[in-house]
Amino acid sequence: MESRHLSVVIRRDPHAVAAFAGDPQRLPDWAAGLAAGEPRVDGDVLVVNSPMGEVRVRFAPPNDLGVLDHEVTLPDGTAVHNPLRVLPHPLGAEVVFTLRRLDGVTADAFEADATAVAADLERLRALLEG
């Protein structure tokens, strides 16, 4: 399985970045590849409309380490683990998303996913740096 790490440096405190990026209600503000519209909470799962249809998202428990990993259950029932980390960086924080190429995903689709994730990370940077 191919993996690609996509990252962006944000000139803000890592804890502030993790708090914003890990707030499920803020996902539609920056993660267009995952969430559109108002998210709903169903127990410990966030239910969101996405470009893929309605998906269910379960985040790692809140922590002080910047671990924002989340599992996305797609409309067909496939569960995808998405590593997302906020790391201290000399300029503030570095947000790193690991994109994995699933079986059956073409090279072109994987590149399109990488482009969408990079755009989401840039949107996060713009929101937090103002």
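Me: What is the radius of gyration of the chain, and what would a compact globule have?
Reply: This is a predicted model. The chain has a radius of gyration of 14 Å, and a compact globule with 130 residues would be near 14 Å, so the two agree.

Me: And what box do the C-alpha atoms fill?
Reply: Roughly 40 × 35 × 25 Å, taken along the principal axes.

Me: How many helices and strands are there, and in what order do the elements run?
Reply: The chain has three helices and eight strands. From the N terminus on, the order is β-α-α-β-β-β-β-β-β-β-α.

Me: What share of the residues is buried?
Reply: Of the 130 residues, 35% count as buried. The accessible surface is about 7100 Å², and 53% of that belongs to carbon and sulfur atoms.

Me: Switching to charge: how many positive and negative side chains?
Reply: There are 12 positive and 20 negative ones, with the centres of the two sets 3 Å apart.

Me: OK, now N82. Buried or exposed, and why?
Reply: N82 counts as buried because its relative accessibility is 12%, and the cut-off for buried is under 20%. N82 sits in strand β6, residues 79–82.

Me: What does N82 contact beyond its neighbours within four places in sequence?
Reply: D69, H70, V72 and F97.

Me: And D64, where is that?
Reply: D64 is in the loop between β4 (53–59) and β5 (70–73). D64 is exposed, with a relative accessible area of 67%.

Me: How far is D64 from A18?
Reply: Their C-alpha atoms are separated by 8.7 Å, while the two residues are 46 apart along the chain.

Methods: Residues are numbered from 1 along each chain as its sequence is written. This is a predicted model: local features need pLDDT of at least 70, side-chain atom pairs count only at pLDDT 80 or more; totals for chains, interfaces and linings use all residues. Side-chain values use heavy atoms; hydrogens and water are left out. Helices (H or I, at least four residues) and strands (E, at least two) are DSSP runs, numbered from the N terminus. Buried means under 20% relative accessible area, exposed over 50%, partly exposed in between (1.4 Å probe, protein chains only). Contact means heavy atoms within 4.5 Å. The radius of gyration is taken over C-alpha atoms; the globule rule is 2.2 Å times the number of residues to the power 0.38. Accessible areas come from the Shrake-Rupley method with a 1.4 Å probe; for residues, only the protein chains shown count as cover. Lys and Arg count as positive and Asp and Glu as negative; His and the chain ends are not counted. The place of a charge is taken as NZ of Lys, CZ of Arg, CG of Asp or CD of Glu.
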